[in-house]
Amino acid sequence: MNNFIFQNPTKLIFGKDTISSLSSEIPYDKRILITFGGGSVRSNGVYDQLKEALKNHHYIEFWGIEANPDISTIRGAIELGKREKCDYILAVGGGSVIDGSKLIAAGILYDGDPWDIVLKRDWTKEKVLPLASVLTLPATGSEMNSGAVISNREKREKFAFYSKHPIVSVLDPSTTFTLPKHQIACGLADTYIHVMEQYLTTINQSPLMDRWSESILQTIIEIAPKALNGKEDYDAMSTFMLSATMALNGFTSMGVTQDWATHMIGHEITALLGLTHGHTLTIVLPGTMWVLREEKGEKILQYGKRVFGIDGDNKEETIKEIIEKTKNFFKSLGLKIKLSENGGDISTIEEISKRFRERNARYGENRSVNSEIAKEILLHVL
Ligand code: NZQ
Ligand code: ZN
């Protein structure tokens, strides 16, 4: 096991009718900037519950943080927050609203352009405003981690940066009942692949992390049909919501090496083609597994055996079977998992490869995913 530091300060408030708890969680003397997406919170009762909870607080609202939050929108929110002297941010929505709000919380206390913060990547030591969140889409783990991913549509770029965790996050699974099926599918996929990025690396580093990860993978496979069947299944959505949080809040990565190459390639696909984040990962991961089958081989075999019960004498054939099984799971979510089925072609691959070359990128647990390997991965899934 590698050395590690673990600290996760986010208070989770989980369950039915918990939005009301914000009235006592947020101090009365704060000037709150509440941030929203495009309006889904008006259709599922979240907005009304929030207004009731904060009726004795001072707040102003900022609407319109879009999926894959754009830097220009965030600049607008920061201007408003500065003008209104806001000193507390409350993000209400999916990962995009929470991520955008992490940048708002940093940007209100920064004099320059917020894109500088994104490019700096590490903002963990800087002063930021306190942030709370109400999560309505299980997927990113942003409600309990310090990461945020911001897009710059003008430059067709999308980068992650790291700041502070939310102080408190409220997760009421019944808020997810209005989610479109495609968003549920992408959320399930994102959760699954967050685990894979921290699990499918080096063998024998931590049996505890391995089994913890495998249990999340199995749980996602088990509840996916219930989460997608259109019925308002509170228990299934609770399990999904907690799984998504646990998949990317540091609890599965203690003392183990991490990959994240699939995510780095996936972010480029979103930047170029606009595809939903979780969907991009289902396209890339089978390619990553196949192209890196030498270095990841033993872990792929462990994953196949423990998660799917696949065992075989021929290593290469068994790995193929495990990748097929993984692809079939992604397809069962209703996702088309080839790049060419989703608007991508050889020029997309060339552009991503070029960007990686210009950045001198080396991703993955062994830093082996450079421009050439990324191209190979994408050609495999074209
Ligand atoms: O804008 P509204 O109207 O709220 O609609 C949203 C949006 O259109 C809708 N939605 C959310 N909750 C809903 C709902 N619709 C009906 N009922 C509800 N309860 O769903 C759409 C997508 O929302 P979005 O927030 O974009 O989805 P997600 O949570 O998947 O976030 C994706 C973003 O997070 C980043 C991604 O790259 C992407 O930019 N990620 C953030 C990470 C992190 N902070 O750690 C890690 C991830 O790997 C990921 O990269
Ligand atoms: Zn992700």
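Author: Happy to! A cavity here is a set of grid points where a 1.4 Å probe fits but cannot get out. Please keep in mind that this is a predicted model.

Reader: How many cavities of 30 Å³ or more does the structure hold?

Author: The cut-off for this count is a volume of 30 Å³ or more. The number of cavities held by the structure is 2.

Reader: Which residues line the largest cavity?

Author: By type, the lining of the largest cavity divides into 4 nonpolar, 2 polar and 2 charged residues. The residues that line this cavity are K102, A105, V128, L129, L131, S163, K164 and H165.

Reader: Which helix gives the largest share of the lining of the second largest cavity?

Author: The lining of the second largest cavity consists of M196, E197, L200, D259, L285, T288, M289 and K296. These divide into 4 nonpolar, 1 polar and 3 charged residues. Helix 7 (181-199) and helix 11 (277-291) each supply at least two residues of this lining. The largest share, 3 residues, comes from helix 11.

Reader: Moving on to pockets, which helix gives the largest share of the lining of the second largest pocket?

Author: About 200 Å³ of space lies in the second largest pocket. Its lining includes I283, W290, K320, E324 and V381. Helix 11, helix 13 (315-332) and helix 15 (371-381) are the elements that give two or more residues to this lining. The largest share, 4 residues, comes from helix 13.

Reader: And how many residues of that pocket lining are charged?

Author: Among the residues that line the second largest pocket are K320, E324, K327 and K338. Lys and Glu count as charged. The lining divides into 6 nonpolar and 1 polar residues, with the number of charged ones being 4.

Reader: Now the ligand, please. Which residues come nearest to ligand 1?

Author: There are 33 residues around ligand 1. By type, this shell divides into 9 nonpolar, 21 polar and 3 charged residues. Those that come nearest are G38, S40, G95, S96 and K158.

Reader: Why does ligand 1 lie between two domains, and which domains are they?

Author: Helix 5 (95-107), strand 6 (147-152), helix 7 and helix 10 (261-273) each supply at least two residues of the shell around ligand 1. Both domains give residues to that shell, so the ligand lies between them. The two are domain 1 (11-175) and domain 2 (180-380).

Notes. Residues numbered from 1 in each chain as written. Chains lettered and ligands numbered in written order. Predicted model: local features only at pLDDT ≥ 70, side-chain atom pairs only at ≥ 80, totals over all residues. Heavy atoms only, no water. Near = heavy atom within 4 Å. Domains from an automatic or database assignment. 1 Å grid on protein atoms, 1.4 Å probe; cavity = no way out; pocket = protein on both sides within 12 Å on 5 of 7 lines; lining within 4 Å. Points joined across faces, edges and corners; volume = space filled by probe spheres on them.
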